[in-house]
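Please read it with the sequence and the structure at hand.

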Amino acid sequence: MTAAVLQHRDWWPDNPCFGCGPRNPHGLRLESTIDDDGVTHATWIAEEHHQGPPGAVNGGAVAVPMDCHGAWTASAAYRARAEAAGSSLDVLAVTGAYSVRLVAPTPIGQPLSLRGEVTQLDGRRCLVTVHTTADGLVTATFEGVFFEVPVPRAAGDR
Amino acid sequence: MRRDEGDLAGDPSTPRSIGTSGLAEPTREWLHHRDCWGCGPDNPLGLQLEPRRDEVDGSSWRVTFTADALQHGPPGRVHGGLLAVPMDCLASWAAIDDVRRRAVEDGRDPDATVALTGTYTVRLAASTPTGVPLELRARVAERDGRRVTVRTTVVHDDEVTATFDAVFVEVASDLDVRDRPPDAG
């Protein structure tokens with residue numbers, strides 16, 4: 001497997017996404033990768049302005065990278081399935097719903113690891129879990145339902 | 001930009017007593033940290049939300065939020081994760097307001113108590129557009145000991161585009177969250 005970034009940097013350099021858009025000056029500019037076991041990984045560092053309670057990431061903000069990374073985790077599964085079927089379409093994932101559990105404060109100013117896994121792929125629907133970890137401690141868990149959106153490959157004008 | 005006490009406590013249209021308790025409601029300048037990403041008036045990169053208690057029912061909370069072009073997920077739509085930020089923030093105001101008012105009713109110090117987000121579920125029922133005002137409303141749905149359940153909706157063009165169901169946990173306001181997390185169960 002490759003460590004290539006999952007975010008379709010090749011044909012979508014102008015992706016405006018707040019979570020992963022490479023040119024969004026206010027965004028998190030996430031880059032997700034997938035390992036040989038199909039587990040996805042990304043890291044980010046929350047900044048002062050992402051604060052909720054003093055010293056901790058805003059409870060809503062914790063969802064931002066987990067949702068985005070979860071979407072690319074689902075997208076990777078869709079893409080693998082499409083390639084196996086010889087499809088000429090590429091695929092994106094859009095969020096349907098998600099649940100977040102804040103199990104410990106997520107700290108500001110230190111690397112946070114995101115780990116994503118597909119738990120079920122069923123037609124257009126993909127269930128994904130994402131964990132946020134700080135210094136070895138899981139601080140938040142995310143379970144998301146995503147839906148497949150096929151797009152033409154090399155849709156450079158999106 | 002600094003909001004003074006008059007924004008909330010002194011607003012003549014805000015009811016000063018609630019329900020049948022007859023007690024003056026707890027007043028405070030700002031229910032969140034002033035650097036909060038959602039509502040912090042001192043956070044220049046924040047959403048600068050200005051939550052308001054509903055003037056008619058006296059207990060739900062409302063805010064208007066317009067997502068900008070840098071807050072996209074799919075092109076033209078608000079980022080599905082980012083949408084949690086204003087919903088969580090507004091819901092948190094409703095939860096904190098609720099625990100503070102109960103403290104007053106119980107003869108406790110409202111400043112000694114606060115509520116933290118424990119868990120939440122977001123459902124994106126329809127696409128939520130950027131660049132237009134979105135009406136958010138949060139209402140306490142249930143109380144169970146230290147837990148406060150709040151439902152928040154996002155409405156655009158009379159359509160609910162997203163819902164946020166959250167459980168907040170009441171904790172002492174001097175708790176350092178870095179030492180002890182909430183436990184929503």
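This is a predicted model: local features need pLDDT of at least 70, side-chain atom pairs count only at pLDDT 80 or more; totals for chains, interfaces and linings use all residues.

Just after helix H1 of chain A, A:Gly86 adopts a positive phi of about 70 degrees.

**Helix H1 of chain A**
- At 1.5 Å a residue, the 22 residues of H1(A) should span 32 Å, and because the end C-alpha atoms of the helix lie 31 Å apart, the two values agree.
- Of the 22 residues of H1(A), 17 are buried, so the helix is largely enclosed by the rest of the structure; buried here stands for under 20% relative accessible area.

**The largest pocket**
- The largest pocket has a volume of about 620 Å³, and its lining is made up of 33 residues, with A:Gly52, A:Pro53, A:Pro54, B:Leu116 and B:Val177 lying nearest the centre.
- In chain B, helix H1 (84–105), strand S3 (113–124) and strand S6 (159–172) each contribute at least two residues to the lining of this pocket.
- Sorted by class, the lining of the largest pocket holds 20 nonpolar, nine polar and four charged residues.

**The second largest pocket**
- The second largest pocket contains about 470 Å³ of space, and of the 28 residues that line this pocket, A:Ala93, A:Val94, A:Thr95, B:Gly73 and B:Pro74 lie nearest its centre.
- Two or more residues of this lining come from each of helix H1 (63–84) and strand S3 (89–102) of chain A.
- The lining of the second largest pocket comprises 17 nonpolar, eight polar and three charged residues.

Terms used
Residues are numbered from 1 along each chain as its sequence is written. Chains are lettered from A and ligands numbered from 1 in the order in which they are written. Side-chain values use heavy atoms; hydrogens and water are left out. On a 1 Å grid over the protein atoms alone, a cavity is a set of points where a 1.4 Å probe fits but cannot get out, and a pocket is an open set with protein on both sides within 12 Å along at least five of seven lines; lining residues have an atom within 4 Å of a point. Grid points are joined across faces, edges and corners, and a volume is the space filled by probe spheres set on the points. Helices (H or I, at least four residues) and strands (E, at least two) are DSSP runs, numbered from the N terminus. Ala, Val, Leu, Ile, Met, Phe, Trp, Tyr, Cys and Pro count as nonpolar, Asp, Glu, Lys and Arg as charged, and the others, Gly among them, as polar. The expected span of a helix is 1.5 Å times one less than its number of residues. Buried means under 20% relative accessible area, exposed over 50%, partly exposed in between (1.4 Å probe, protein chains only).
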